[in-house]
Amino acid sequence: MLQAVWVSSPGRWTLREPTCHRGGKQTSWKCRFVRTIIQHPCQRHDTKRPGKVRMLKKIQICLCFFFVSGILYEISLLSSCFFSYVPMSKHFLTPEQVLNLGKSIIFLETTERLEPPPLVSCSVESAARIYQDRPIILFMKGLTNDTALDLNSSYAAFSLLSSMKNVFIFPLQMEIVFQETPLLQWYNQVVPEQEKNWVHVSSDASRLALIWKYGGIYMDTDVISIRPIPEESFLAAQKSRFSSNGIFGFPAHHKFIWDCMENFVLKYNGNIWGNQGPFLMTRMLKTICNLTDFKGTEDHRCQNISFLNPQRFYPIPYPAWGRYYQVWDKSPNFNHSYALHLWNFMNHNRKAVVAGSNTLAEKLYKAYCPTTYEDLIQNAELRDFTRSEDVA
């Protein structure tokens, strides 16, 4: 049974009513039973002795009250009836409590840095805006349980992201994440200091374990969401017959993800970039699907997995990644896309969004992460200008 999560935003409290009807149909026997109890209260006993009547009435009222309260409490634990926002600080919640709601959007930061750069902030903010009814979780390797996120004014992005009601920032504790998965044995044997691509390899492993345990969607921190993804079980094609692992989604305990974790360990080679990432997803998909070239903008489907067209997330392929930071005569509409991957690995942080540059990336920031744009981009430009004036 899912746990109820109590969440607050500074100065804003809201409580969502139970959605016990969908399309005119009642969704659970508990919702129907509560309605029956409310509409048909307990009957009074008919007796001639007034003292016993009063006592029986009190007993019946108490029993009815406790019975209805118990049923309502059970309903509050069902995500199908409640997804509540009620007054309790987000800092009292554990990752498990939030993840157990299901359908989380998960981001990972496997470096030790503590300040999310603007592109990371934009990715998280855009997801929080597109998926307002789902938890958005950013796991950060550099955090500890004692880190006070929104109290640390030196980290502007923390304050920005933690103020969003459905955004949660947690420490990434791999020794816990890999529990009860095939990856735990690998993790206990590997020596991170000797790994050439540890930041990427540890991220590849963590995303598999989290999605297998809890379900939801994993996204890289350079993915800007522009509309909801309608699929539950999907992989994203980077090109024909080749899958990325920068964004994918599955329900909890899906066999494909378990098989990927087993192959991760069996075929492990940390010296080859992507061997545990996109190459892993591609070779595992090929074991169950006869992959063919995409024609037009159609998606492919194999068994219960959707293999989504490259246009869904990679309309600008990686050799042309620099076009995001160029000025376009006419900006593309991305009508066939759910999100856009900005290829930060290719960029190596050389190019950034600059206020007033009129680049495609700046337009995306304005449209899909306006708070990040205003707070982290425009304000940074203003601070730099003020600082240069003071020097002069």
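## A charge over a ring

A charge counts as sitting over a ring if NZ of Lys or CZ of Arg is within 6 Å of the ring centre and within 35 degrees of the ring normal. Lys239 gives you a case of this: its charged end sits over the ring of Phe242, 5.7 Å from the centre. Keep in mind as you look around that this is a predicted model.

## Salt bridges

How many salt bridges does the count come to? It comes to nine. Let's start with helix α4, which covers residues 118–130 and holds both Glu125 and Arg129. These two are salt-bridge partners, with their closest N and O atoms 2.8 Å apart. They're four residues apart, or about one turn of the helix. Is Glu125 buried or exposed? Glu125 counts as buried, because its relative accessibility is 0% and the cut-off for buried is under 20%. Arg129, on the other hand, comes out at 38%, so it counts as partly exposed.

Helix α12 (residues 360–368) has a pair of its own, Glu362 and Lys366, and because they are four residues apart in that helix, about one helical turn separates them. The closest N and O atoms of this salt bridge are 3.9 Å apart. Glu362 is buried, at 2% relative accessible area, while Lys366 is partly exposed, at 46%.

Then there's Glu109, whose side chain meets that of Arg113 in a salt bridge with an N to O distance of 2.9 Å. Arg113 is partly exposed, with a relative accessible area of 34%. If you'd rather look at a network, go to Asp204, Arg207 and Asp220, which are linked to each other by salt bridges.

## Aromatic pairs

Now for the rings: the count comes to 21 aromatic pairs. One of them is Tyr218 with Phe248, where the ring centres are 5.7 Å apart and the planes sit at 35°, so the pair is tilted. What does this pair tie together? Tyr218 belongs to strand β6 (residues 216–219) and Phe248 to strand β9 (residues 242–250), so the pair ties together parts that are 30 residues apart in sequence. Both Tyr218 and Phe248 are buried.

Phe248 also pairs with Phe250: here the centres are 6.5 Å apart and the planes are at 55°, so this pair is tilted too. Phe250 is buried, as is Phe248. Elsewhere on the aromatic list, you'll find one cluster made up of Phe178, Trp186, Tyr187, Trp198, Phe264 and Tyr268.

## Two crossing helices

Finally, take a look at helix α8 (residues 198–214) and helix α9 (residues 255–266). Their axes come within 9 Å and cross at roughly 150°. How do the two helices run relative to each other? Angles over 145 degrees count as roughly antiparallel, and therefore α8 and α9 are roughly antiparallel to each other. As for handedness, α8 passes α9 in a left-handed crossing.

Methods:
Residues numbered from 1 in each chain as written. Predicted model: local features only at pLDDT ≥ 70, side-chain atom pairs only at ≥ 80, totals over all residues. Heavy atoms only, no water. Salt bridge = Lys/Arg side-chain N within 4 Å of Asp/Glu carboxyl O. Buried < 20%, exposed > 50% of the residue type's maximum accessible area, 1.4 Å probe, protein only. Phe/Tyr/Trp six-rings, centres within 6.5 Å; stacked < 30°, edge-to-face > 60°. Axes fitted to C-alpha atoms, helices over the stretch in contact; angles between N-to-C directions. Parallel < 35°, antiparallel > 145°, perpendicular 65-115°, else oblique. Left-handed = near helix turned anticlockwise from the far one by under 90°.
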